[in-house]
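Subject: Structure handover

Dear colleague,

Here is the structure for your files. My notes on what was found in it follow below.

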Amino acid sequence: MENLITRNACHYFPFQPEIQCNSDYYIEQKPVRHIIKQHVALFYQFKVKQDGKSAVSIIPDGSFDILFCCSSRYPSVVLWTNPLHRRIQPNFKSECEYFGVRFLPEQSVIRLTYPMKELLDKQIPLYDVMSIDSCIAEKIGEIRSFAERIEAFEKTLERTMLEPTYNQRIVDYSIKEIYISRGVINIEQLASDIGYTARNLRKKFEEYIGFSPKQFSQIVKFQNSLGMILTINDFHLLDIVHKNGYYDQSHLIKAFKKFTHLSPTQFKEQISQNPVSL
């Protein structure tokens, strides 16, 4: 089992393009230090647009974010969890600069006091769901530099890092097998390979990432397809179908509409009106 659990995975990146195109002053940086990038996908910062629309949209990516409102008047920090489909997230403060940390689904350094399944599609005060430095929101808020905020958060994370539990390592291995298969995997066989029943594996997934293995596999297929759509100028649906294991174009379009309420072409057009840099 040890050899199974420590296998390397294919690269997976949780895209959230609408945060960038629907906000002002957006900047981002992927982690550099190995100990951090095993758990964190991205650091980013933004303000909501000054047009009276204090909301941004997010799509399923299987991950979760820690989001700081960097304000001297009302500093705060929330656990920002993933939706089951594209959803507008309201109630952002236009005068606040937001600093976010997007964790990879397989992360094992953040331990919550509730199963993730109970927290999906919510913004919850971080102090209500995990033990962390009670002054972290004020500390991050007082820092003005994006780079210095990253450094401060990394130091806090390193101080609170715990060794992954056996169940976390099982989920980590399973997630990486799903990455390797690009979401096209037999969940029953995966469970059998690690000595679990499919039911027990589903319970562990729902506890740690909120989604069942089947749901997460669908999200991985969708996100990999989204990555192609966002990074290839003249993409062809058939190429995306073949690369990501969809039966045909109609199945790809159905999956996209399930997660975004838009077809791949419609989503691409919407993003193209507010282009993002990837």
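Q223 lies in helix α9; helices (H or I, at least four residues) and strands (E, at least two) are DSSP runs, numbered from the N terminus. At 1% relative accessibility, Q223 counts as buried, where buried means under 20% relative accessible area, exposed over 50% and partly exposed in between, with a 1.4 Å probe and protein chains only. Leaving aside neighbours within four places in sequence, Q223 is in contact with Y12, F13, P14, F15, I59, P60 and D61 (contact means heavy atoms within 4.5 Å).

Before the rest, a note on the source. This is a predicted model, in which local features need pLDDT of at least 70 and side-chain atom pairs count only at pLDDT 80 or more, while totals for chains, interfaces and linings use all residues. Residues are numbered from 1 along each chain as its sequence is written, and side-chain values use heavy atoms, with hydrogens and water left out.

Helix α9 (residues 213-231) also packs with helix α6 (residues 166-180): their axes come within 10 Å and cross at roughly 40 degrees. Axes here are lines fitted to C-alpha atoms, for helices over the stretch in contact, and angles run from 0 to 180 degrees between N-to-C directions. That angle makes α6 oblique to α9, since under 35 degrees counts as roughly parallel, over 145 as roughly antiparallel, 65 to 115 as roughly perpendicular and the rest as oblique. On the α6 side I175, I178 and Y179 take part, and they meet P213, F216, S217 and V220 in α9. By class, this contact has 6 nonpolar, 1 polar and no charged residues (Ala, Val, Leu, Ile, Met, Phe, Trp, Tyr, Cys and Pro count as nonpolar, Asp, Glu, Lys and Arg as charged, and the others, Gly among them, as polar).

The other residue to look at is F153, found in helix α5 (residues 146-160). F153 has 2% relative accessibility and therefore counts as buried. K139 is 14 residues from F153 in sequence, and the C-alpha to C-alpha distance between them is 9.3 Å.

As for the whole protein, there are 12 helices and 8 strands. The C-alpha trace spans about 50 × 45 × 30 Å along its principal axes. Of the 278 residues, 51% count as buried.

Regards
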